[in-house]
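Student: I would like to learn how to read some features of a protein model. Could we go through a few of them together?

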Amino acid sequence: MATATAEIKHAVRAGRHPGFRMVTPFCHGSHRNLAAMSPPDVTELLAHSAMFAQLDAAAREALARELVWLALPGGRPLFKSGEAADALYLLKSGSLGVFDDGLPEDAAELVQLIAAGECVGATSLLGGERRTRTVRALRDSELLRLDRGAFETLLGRYPHAMLGVARVTIERLQQRDPDACRPGLPRTFAILPVDQAVPARVLAMQLGQALEAYGRCAVIDGELGTGRSSDWFAEREAQLRFVIYLDASGDPLWRQRCLRQADVLLLPALAAQPARPWPEAALLDPQRTGHRARHLVLLHAGHQVSLGSAQRWRASFNGELRHHHICNDSDIVRLARRVSGHGRGVVLAGGGARGLAHLGMLRALHEAGHVFDAVGGTSIGAIIGAGMACGWELDAMTETFRRAFVQGRPLSDWTLPLVAMTRGRRASLMLRRTFGALEIEDLPLPYFCVSTQLSGGGMAVHRRGPLWLWLRASSAIPGVLPPVLHQGRVHVDGALVDNLPTDVMAADGIAHITALDIRADIALLTTAEESATPPLWRLLLQRRQDIRRPGLVSTLVRAGMVNGEAASEQRRARADLLITPPLEHIGMLDWKDWQRAIDAGYRHTIELLEARARKQLPCADESSAQLQGHHADPR
């Protein structure tokens with residue numbers, strides 16, 4: 001792995017790529033036309049299908065004789081919402097996308113990915129309904145169709161077996177949560193470099209090696225794949241977990257074949273080079289790539305990200321686009337996890353001074369060998385998460401935030417409270433000094449933070465732009481810090497709408513989410529009985545009496561987190577690992593207790609991880625004692 005990365009860096013610096021010999025585990029024979037598949041071929045396909053595997057041999061043979069083969073080019077619809085449900089389909093090869101029917105076709109949202117071996121359309125067929133969603137080929141696909149009449153005939157001949165198929169379909173429908181539907185795991189990738197100066201072959205071989213951790217993988221380039229039939233590609237995709245289609249020559253016909261075969265498009269470029277559009281204009285527009293995920297892969301010659309490179313290269317693209325900085329071996333491994341659906345993310349909650357416990361939790365996770373491919377957070381969780389996304393060492397990060405929050409006292413520039421209790425200048429300067437001129441796109445780890453948009457729209461997720469500015473917005477406690485005013489919008493603390501944004505992380509396709517939560521459960525108690533504040537002279541007289549009233553800042557901080565706390569219960573349930581240390585002994589503005597907060601977070605995390613390792617704790621958090629559901633592979 002280290003050698004491959006060194007070759008990439010050498011090639012990036014030299015502006016060329018080294019020679020490489022392609023190796024494939026397959027012979028070149030066995031070319032077949034799927035249209036002429038024999039009954040044994042079809043019955044074998046049915047035997048490996050989750051929908052039909054429970055049928056006995058006689059029922060499978062009868063079913064095989066009723067299936068009709070069809071080919072569907074990439075981008076073409078299989079059926080549309082509202083059409084009659086007249087058949088079900090078994091996907092032989094390729095990839096289908098299920099699209100939300102509530103949006104116009106040009107803005108339809110991909111809600112599920114159908115992979116080879118899976119069925120589509122069975123629920124509508126069995127229910128006698130019309131189609132409720134649109135299904136379209138994401139790439140060139142081959143399917144087997146079972147018409148309603150043929151299904152009903154088989155149901156009459158093999159009622160027990162075919163009712164089993166219906167039962168499986170209904171059970172899946174009942175178990176499905178339409179709000180939590182997420183695409184399945186991709187299997188084929190196309191590496192389409194912007195030009196031939198990119199060391200795409202070395203990148204492909206190194207990525208393939210990293211993908212082997214999750215299943216067999218092969219790389220097919222133009223020399224091996226040009227002139228092959230669709231059946232040849234389908235056979236290899238069926239035998240492998242992953243296939244990487246590589247363009248290393250720039251041949252337009254082969255690049256189009258790679259584009260048609262891929263579930264995911266990987267677009268590598270030399271980060272330091274001037275940005276330019278890809279040869280295929282379709283790659284710049286998600287509507288023309290069939291809603292397939294596009295990943296911009298920026299190769300850096302050194303160990304540091306070239307500042308501004310992501311913003312420069314992203315400028316040509318429209319719509320959703322993810323980008324990855326490749327500086328070292330671990331970045332390739334991270335890329336493999338992300339694009340294959342095995343990414344690991346961490347989400348950090350807000351909570352004022354208690355949020356410094358994140359530093360202890362992160363240290364314990366690091367010592368236990370946990371690695372993360374994406375970071376997100378709210379308020380102080382967003383600030384500490386940003387340091388993590390920058391790649392800072394934990395000791396340096398701890399010292400940086402100690403100086404920033406404890407010595408820097410960013411909430412001490414009190415002012416006449418026309419907008420807020422503080423001017424916000426010290427907080428802004430602290431964030432500027434800490435993070436400099438970094439853009440979010442320049443962070444080595446993919447990162448987001450959350451603010452609340454008071455100008456309409458509710459939650460705002462920030463993935464681009466000045467890092468310090470959106471950290472300032474994410475932590476703008478209403479009444480304590482003035483809001484951030486940007487392009488006509490008013491932004492305040494993200495905790496008002498989403499203090500633990502695991503939902504945002506899950507929507508990014510992250511498979512395993514670790515959530516570091518700071519519960520806002522400090523009760524504001526009082527010994528006074530009053531509906532109005534007494535006059536000043538009475539307050540002075542009561543100073544010697546044991547009368548407790550909540551302070552203004554404490555009231556504002558606590559009130560600002562009420563809504564976020566109520567909604568966080570559902571978001572906690574999204575976490576695969578939920579860590580909530582006991583922090584009742586630390587106030588939300590008690591920055592002087594920074595070390596106690598760190599120690600509490602560290603101790604609790606160590607205890608939780610040790611308990612999980614001993615298999616004495618099947619739940620996500622010892623303190624909650626609630627079973628947290630693990631995100632299952634939808635395949």
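Student: Where is His 604 found?

Tutor: This is a predicted model. His 604 is part of helix α22, which covers residues 594-613.

Student: Is His 604 buried or exposed?

Tutor: A residue is called buried when its relative accessible area is under 20%. His 604 counts as buried because its relative accessibility is 8%. Sequence distance and distance in space can also be read side by side. His 604 and Ala 357 are 247 residues apart in sequence, and their C-alpha atoms are 10.0 Å apart in space.

Student: How far apart are Leu 67 and Leu 146 in sequence and in space?

Tutor: Leu 67 and Leu 146 are separated by 79 residues in sequence and by 5.1 Å in space, C-alpha to C-alpha. Leu 67 sits in the loop between α3 (57-66) and β1 (68-72). Leu 67 is buried, with a relative accessible area of 16%.

Student: How many residues of helix α17 are buried?

Tutor: In helix α17 (residues 467-474), 8 of the 8 residues are buried, so the helix is largely enclosed by the rest of the structure. Among the buried residues of α17 are Trp 468, Trp 470 and Arg 472.

Student: How many disulfides does the structure hold?

Tutor: A disulfide is read from the distance between two cysteine sulfur atoms, which must be within 2.5 Å. The structure holds 0 disulfides. Cys 390 counts as buried at 15% relative accessibility, and Cys 449 counts as buried at 0%.

Student: Now the surface. Which residues gather in a patch of positive charge?

Tutor: A charge patch joins like charges within 9 Å, from residues with over 30% relative accessible area and no salt bridge. Here Arg 409, Arg 423, Arg 425, Arg 426 and Arg 433 gather in a patch of positive charge on the surface. Take Arg 425 from that group: its place is in helix α16, residues 425-435. Arg 425 is partly exposed, with a relative accessible area of 48%.

Student: Which residues make the nonpolar surface patch?

Tutor: Leu 416, Leu 418 and Val 419 make a nonpolar surface patch of about 370 Å². Leu 416 lies in the loop between α15 (394-407) and α16.

Student: Why does Leu 416 count as exposed?

Tutor: The label exposed calls for a relative accessible area over 50%. Leu 416 is exposed because its relative accessible area is 60%.

Note on methods. Residues numbered from 1 in each chain as written. Predicted model: local features only at pLDDT ≥ 70, side-chain atom pairs only at ≥ 80, totals over all residues. Heavy atoms only, no water. Patch = residues over 30% accessible without salt bridge, like charges linked within 9 Å, V, L, I, M, F, W, Y side chains within 5 Å. Areas by Shrake-Rupley, 256 points an atom, 1.4 Å probe, with all protein chains shown as cover. Salt bridge = Lys/Arg side-chain N within 4 Å of Asp/Glu carboxyl O. Lys, Arg positive; Asp, Glu negative; His and termini not counted. Charge placed at Lys NZ, Arg CZ, Asp CG, Glu CD. Helix = DSSP H or I, 4+ residues; strand = E, 2+ residues; numbered from the N terminus. Buried < 20%, exposed > 50% of the residue type's maximum accessible area, 1.4 Å probe, protein only.
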